[in-house]
Amino acid sequence: MLRYLTSGESHGKSLVAILEGIPSNLNIDIENINKELSRRQQGYGRGERMKIEKDKINILSGIRGNITIGSPIAIEIKNKDYENWEKYMKTTGEIDIQSKKVTKARPGHADLVGALKYDFEDIRNVLERASARETAARVAVGAICKEFLSKFNIDFTSHVVQIGKQKIQKSFFFDYIKEKSELSQVRCVDENFEKLFIEEIKKGKEEGDSLGGVFEIIIKNVPLGLGSYAHYDKKLDSTLSAHLMSIQGIKGVEFGIGFEIASLRGSVVQDEIYYSDEEGIYRKTNNLGGIEGGVSTGEEIIIRCVMKPIPTLYKPLNSIDINTLKNYKASIERSDNCAVPAASVVAENVCAFVIAKFFLDKFSGDNMNDIITNYKNYIERLESRGWKKGIKSI
Ligand SMILES: Cc1cc2nc3c(=O)[nH]c(=O)nc-3n(C[C@H](O)[C@H](O)[C@H](O)COP(=O)(O)O)c2cc1C
Ligand SMILES: C=C(O[C@@H]1CC(C(=O)O)=C[C@@H](OP(=O)(O)O)[C@H]1O)C(=O)O
């Protein structure tokens, strides 16, 4: 079973993660993982912290000479900012608690609920772990999963389709999005909307406010048959949703044409099924986003996520001091004012973990050879049933 845990405080020494279940004899290109980490740090609207951090993975165990050995993979990403925070954050010995104490809860962040639940007078103990700094560790985990899935040609990309009130309606081709979104400051493939998105973020910032938005993830070459029909942890769509909703700030997930299906007739929504000798079983549409009955259909998996605006505002909202219960404005240090582009990269990698987990559940094996054999046998069997989209040249 593929599983992972992360640990680490935003201004602590390091973020760490352990990923268990990656098979042996997988070649890992560390530059690909560092590239994912760097993609996550980009995007117009990020704050000053991203100028300090230059995230790089440090693999502590589970890999020898770039090849996995089947044991848990432990990773570390150092927080460069720790140099400035050691006297407040070190794990043992005396620390300066007062200078960085936070007592005025930010609405929308975990500040109030965390302080009351864990019984803290200092919100610092909450925000250090609630911070989306943690997503760097999750991206490293997902990037290792991407390395595994790339051997089966499974590929991921994402792009931003809405910032504030500015919204793109069109849908695009995978390769186009992959190339274009990487070139954009806001991971947007439409040049006009790129300008509008940047303008929207800039305006928000000037007004001391923050923005959310929507991004789309597209996953290509997932074979037909990952997932199952009913249980919450076996359905591919429910598991993807749960993992995506666990990204800090994500408030909704939709598949394919999403919530629009509510207003359309069944005759329009369902993706009709065809067969031809050349193509085998195929669809002309992909309205349901590549998943039916909790199982991948072999079409592109298309997911959209909505992210709420960043809670920390430079023009702070009404709140209270959690200790005196007096009314105050919420506290503010530094902050991003829009992180939708960064969140889209996190989401790709979170999906990579889920797809890798379901892929390994289906084609289980301790080592790459066994998994490749299982995969090829399955694709051959599907071919004999008329489904010809499987890629065999592994
Ligand atoms: C990549 C990324 C960067 C973020 N940066 C900030 C930030 O700088 N300031 C902030 O207040 N929230 C930021 N957030 C959002 C908060 O972490 C999030 O709203 C908070 O943890 C509460 O979680 P919830 O929205 O799921 O309830 C960021 C989220 C992500 C994914
Ligand atoms: C550090 C990251 O994002 C952080 C997420 C975050 C939050 O509250 O979620 C608050 C900010 O932290 P800081 O106050 O240290 O600037 C962001 O910079 C990161 O993405 O690597």
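Colleague: In what order do the strands of the open sheet of five strands stand?
Modeller: Helices (H or I, at least four residues) and strands (E, at least two) are DSSP runs numbered from the N terminus, and two strands pair if DSSP finds at least two bridges between them. The pairing in this open sheet of five strands is antiparallel, and the order is E8-E7-E9-E15-E10.

Colleague: Before we go on, which pLDDT do local features need here?
Modeller: Residues are numbered from 1 along each chain as its sequence is written, with chains lettered from A and ligands numbered from 1 in the order in which they are written. This is a predicted model, where totals for chains, interfaces and linings use all residues, side-chain atom pairs count only at pLDDT 80 or more, and local features need a pLDDT of at least 70.

Colleague: What is the bridge partner of Ile 250 in E15?
Modeller: E10 and E15 run antiparallel and are joined by five bridges. In E15, Ile 250 is partnered by Met 307.

Colleague: How far apart in space are Glu 254 and Arg 304?
Modeller: Glu 254 is found in strand E10. Leaving out residues up to four places away in sequence, Glu 254 touches Phe 259 and Arg 304; contact here asks for C-beta atoms, placed from the backbone, within 7 Å. Glu 254 and Arg 304 are 50 residues apart in sequence, yet their C-alpha to C-alpha distance is 5.2 Å.

Colleague: Is Arg 40 buried or exposed?
Modeller: UniProt, in an unreviewed entry, places the feature "binding site" at Arg 40 and Arg 46; its positions are given in the numbering used here, feature names are shortened, and annotations may be inferred rather than shown by experiment. Arg 40 sits in helix H1 (residues 30-41), and its contacts beyond four places in sequence include Thr 135 and Val 139. A residue is buried if 20 or more other C-beta atoms, placed from the backbone, lie within 10 Å of its own, exposed if 12 or fewer, and partly exposed in between. With 27 other C-beta atoms within 10 Å, Arg 40 is buried.

Colleague: And where does Arg 46 lie?
Modeller: Arg 46 has 18 other C-beta atoms within 10 Å, so this residue is partly exposed. Neighbours within four places aside, Arg 46 is in contact with Asp 336, Ala 339 and Ala 342. Arg 46 lies in the loop between H1 and helix H2 (49-52).

Colleague: What does Gly 249 touch beyond four places in sequence?
Modeller: Gly 249 is found in the loop between helix H9 (236-245) and strand E10 (250-255). With 20 C-beta neighbours inside 10 Å, Gly 249 counts as buried. Its contacts are Ala 132, Met 307, Lys 308 and Ala 343.

Colleague: Which helix gives the most to the shell around ligand 1?
Modeller: A residue is near a molecule if its C-beta atom, placed from the backbone, lies within 6 Å of it. Ligand 1 has 21 residues around it, and among the nearest are Ala 132, Gln 248 and Thr 312. With three residues, the helix that gives the most is H11 (residues 340-362).

Colleague: Finally, how many residues around ligand 2 are charged?
Modeller: Ala, Val, Leu, Ile, Met, Phe, Trp, Tyr, Cys and Pro count as nonpolar, Asp, Glu, Lys and Arg as charged, and the others, Gly among them, as polar. Ligand 2 is surrounded by 13 residues, with Arg 49, Ser 131, Ala 132, Arg 133 and Arg 334 closest. Two of the shell residues are nonpolar and five polar, while the charged ones number six.

Definitions and conventions:
Contact = placed C-beta atoms within 7 Å.
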